[in-house]
Amino acid sequence: MKGNFRQSMKWLHTWVGLVVGWILFFMFLTGTLGYFYQEITRWMEPERPFVEHNISNEKLIDIAQVYLKKNAQGIDEWDIMLPNVRDQNLRVGWRHAPEPGKKRGRYKITVLDIESGSKVESRATGGGRLLYRMHYRLHYLSTDISYWIVGFCSMLMLLAVITGVVIHKKIFTDFFTFRAKKGLLGWLDIHNVLSVIALPFHFMITYSGLLFFLFTYMVLSTNLQVNEDEYNEMRKEIFPRTSQVDSANQPTEMLAISSLYKQVNHQWKTNELSYIEVSAADDINARALFVRHETDITYNPEDQIMINAITGEVISQKTKQYTVTGIIHNGFFSLHEGQFSGPLARWIYFFTGLIGTAMIASGLVLWTTKRKQQQMKKPQGPDFGYRLVEQLNIGTIVGLPIAIAMYFYANRLLPLGMTERADWEANVMFISWALLLIYPAFRPKSKAWLEQLQLAALVFCFMPILNMLTTDKHLGVTIPHGDWNYAGFDLTMLFIGGAFAFSAYKFKQLQGKESKVKRDRKNMTTDNSIMLSKENKRAA
Amino acid sequence: MPFFIHKFNFNNTRWHVFSRIIAAVFGGYALATSSSILLAKLLGDVVGHYQAIHIGLMLTFLTYACATMWVFSVVSAKSAWFGLLKLNAIFAVLVLLLMQFTEMSS
């Protein structure tokens, strides 16, 4: 299309990246936050108590069972989630009765107070889960439309990654070249470094993201090859799940789940129980599935033990038989979600996700930097397209983080008794984003960058203080208590605020330099002309 | 009026780019679909029915990406369209032949 193959691919890379760059930025940022969604939820429910660490698993299970028996009678499936590194509260969950007009009820998680054994009443919030869900389900739009938009954007992302590799024949030498502070080349190098440094991650996260909706996106091919029964059979082969039992509608008393746990503990010899799934609870068919923390990406069958909750016998499970392609498919899911990772790996995931986000941002900025000189020369000012891109860049790259901060602010500031409070948290986020997208239209662009960077710095740095003013769980309490999930949130916000402050400072410095260079050049030319005219006079 | 003439001028670069985009989006999707079915038919006996379909499906995104890259790399939009149509037709014929063959052998 444009001369040779590489030039065509460069063209494709540029435009594919630009067209959906802002949605991709949104997906990458909210998705990256998803690696800490449990921790974010914990911060957004400050009513939850600090946790005593010396209570045994048996006792916790008893507390949960007593609560479930009282409050979830007639529900077939119970989940008991034990405190772990990521969430230090004891939680139970079940699918609630459907709201009028809906087919399925919503799955809700209840946090239990270990001391009293009763429910912890916390504020209504979408928590980290809602934020993380936005990266594949967006918001406001219907599920189907969202999936297709996300799929389209992901496909273009995959294309951008592949073309990005193709256009760099010197991909490794480029990686070690960094020409800082040289305007265009500086941004190009930043974009290259961010892309290459985590290239396997970028590819993995995009491709696996597409795999999540494989049968939705490739619906034509699927429907041409299998009918509905065959499709269900195929899914079962690809995603073998532990078989659950249905209730026989013959209520009886189950054994204490904690007594079943003793056998599990005997087999595992460790305390790393993660959660328990009870199916056909208090029924003659009752079973309890004990699951420990995932340790690798293949959903290790030894991480699960199923026990008959009436007789207390271990039910020997057929090990899940994965097909080769099933292992690849599920392996990509695991890699995408990172459920197996410990704290360190989780932070690495988080930072790599941020690198991906920054890669998209730097690409978007690069588009304008490349065209800036040419556009500024135009007599009637820069084109509409150029101005639009610049405005969307400012409003998204700096605006979206501020909007997400507003989501957290809304959590602390909206009245507790408000109706549809959780919905309004998200509304506040999107209203703020809209405002920040519009704002740059009314300001000179370099001013808009600086002001939004400063606003971001302010908003994030103030978050721990806001937390201190509105709850009793501020850094002065959480750190001595050793609640690092809670304290970690505040500290991360401070760090992000610092990073924004630093970029604002750097931005101002560079701006100052740039305008100084311009002024010097102007002065020099006027000096020269004066000298020239003097010389001319003398000659005359 | 010049605006409309400009709009319907099929020699316009914008029209060519638009034509390629349509070719990439729909032609590429068709190629991804046909290639996945062909692959499933070829591998069906080797790795099992569902697994073959699964392999074909998992590779569609890469096929799709490559097809798009190809559409934007050839000389003209016309050759992109023809190329995609040709390849799709070949795949479709091969699939039909393979289906006949398996019917005869079974």
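Analyst: Chain A has 19 helices and 7 strands. The model is a predicted one. Of the 540 residues of chain A, 47% count as buried. Among contacts in chain A between residues at least 6 apart in sequence, 69% link residues at least 24 apart.

User: Why is A:Ile397 called buried?

Analyst: Buried means under 20% relative accessible area. A:Ile397 has 13%, so the residue is buried. A:Ile397 is part of helix 15 (residues 384–413) of chain A.

User: Which residues does A:Ile397 touch, leaving out those up to four places away in sequence?

Analyst: The list is A:Phe25, A:Ala361, A:Leu364, A:Val365, A:Leu392 and A:Trp449. A contact here needs heavy atoms within 4.5 Å. As for A:Ala504, 107 residues from A:Ile397 along the chain, the two C-alpha atoms are separated by 13 Å.

User: What makes A:Arg91 and A:Asp87 a salt bridge?

Analyst: The rule asks for a side-chain nitrogen of Lys or Arg within 4 Å of a carboxyl oxygen of Asp or Glu. In this pair the closest N and O atoms are 3.4 Å apart, so the pair meets the rule.

User: Are A:Arg91 and A:Asp87 buried or exposed, and how do you know?

Analyst: A:Arg91 has a relative accessible area of 6% and is therefore buried. A:Asp87, at 3%, counts as buried too. The cut-off for buried is under 20%.

User: What about A:Asp383 and A:Lys378: why is their contact called a salt bridge?

Analyst: Their side chains meet at 3.1 Å, N to O, and the limit is 4 Å, so the label applies. A:Asp383 has a relative accessible area of 32%, and A:Lys378 has 30%. Partly exposed covers values between the buried limit of 20% and the exposed limit of 50%, so A:Asp383 and A:Lys378 are partly exposed.

User: Why are A:Glu425 and A:Arg421 said to be separated by about one helical turn?

Analyst: A:Glu425 and A:Arg421 are 4 residues apart in helix 16 (residues 421–438) of chain A, which means a separation of about one helical turn. The two form a salt bridge, with the closest N and O atoms 3.3 Å apart. Both A:Glu425 and A:Arg421 are buried. Elsewhere, salt bridges that share partners join A:Glu45, A:Arg48, A:Asp87 and A:Arg91 into one network. Over all chains, a search of the whole structure finds 11 salt bridges.

User: How do you know whether A:Lys370 is buried, exposed or partly exposed?

Analyst: A:Lys370 has 42% relative accessibility, so the label is partly exposed. Exposed would need over 50%, and buried under 20%. A:Lys370 is placed in helix 14 (residues 343–377) of chain A. Between A:Lys370 and A:Thr30, 340 residues apart in sequence, the C-alpha to C-alpha distance is 28 Å.

User: What makes A:Tyr439 partly exposed, and where does A:Tyr439 lie?

Analyst: The relative accessible area of A:Tyr439 is 31%, therefore A:Tyr439 is partly exposed. A:Tyr439 lies in the loop between helix 16 and helix 17 (445–470) of chain A. Not counting residues up to four places away in sequence, A:Tyr439 touches A:Glu451 and A:Gln452. A:Tyr439 and A:Gln391 are 48 residues apart in sequence, with C-alpha atoms 8.4 Å apart.

User: How is the size of an interface often given?

Analyst: It is often given as the accessible area lost when the parts come together. Between chain A and chain B the buried area is about 3000 Å², with carbon and sulfur atoms giving 77%. The contact involves 38 residues of chain A and 25 residues of chain B. Across this interface the salt-bridge rule finds 0 salt bridges.

User: At what angle do helix 13 of chain A and helix 3 of chain B pack?

Analyst: Helix 13 (residues 324–337) of chain A packs against helix 3 (residues 49–71) of chain B at about 35°, with the axes 9 Å apart. The contact is made by A:Val324, A:Thr325, A:Gly326, A:Ile328 and A:His329 from helix 13 of chain A, and by B:Gln51, B:His54, B:Ile55 and B:Met58 from helix 3 of chain B. By class, this contact has 4 nonpolar, 5 polar and no charged residues.

Methods
Residues numbered from 1 in each chain as written. Chains lettered and ligands numbered in written order. Predicted model: local features only at pLDDT ≥ 70, side-chain atom pairs only at ≥ 80, totals over all residues. Heavy atoms only, no water. Axes fitted to C-alpha atoms, helices over the stretch in contact; angles between N-to-C directions. Helix = DSSP H or I, 4+ residues; strand = E, 2+ residues; numbered from the N terminus. Nonpolar A, V, L, I, M, F, W, Y, C, P; charged D, E, K, R; others polar. Buried < 20%, exposed > 50% of the residue type's maximum accessible area, 1.4 Å probe, protein only. Buried area = accessible area lost by both parts, 1.4 Å probe.
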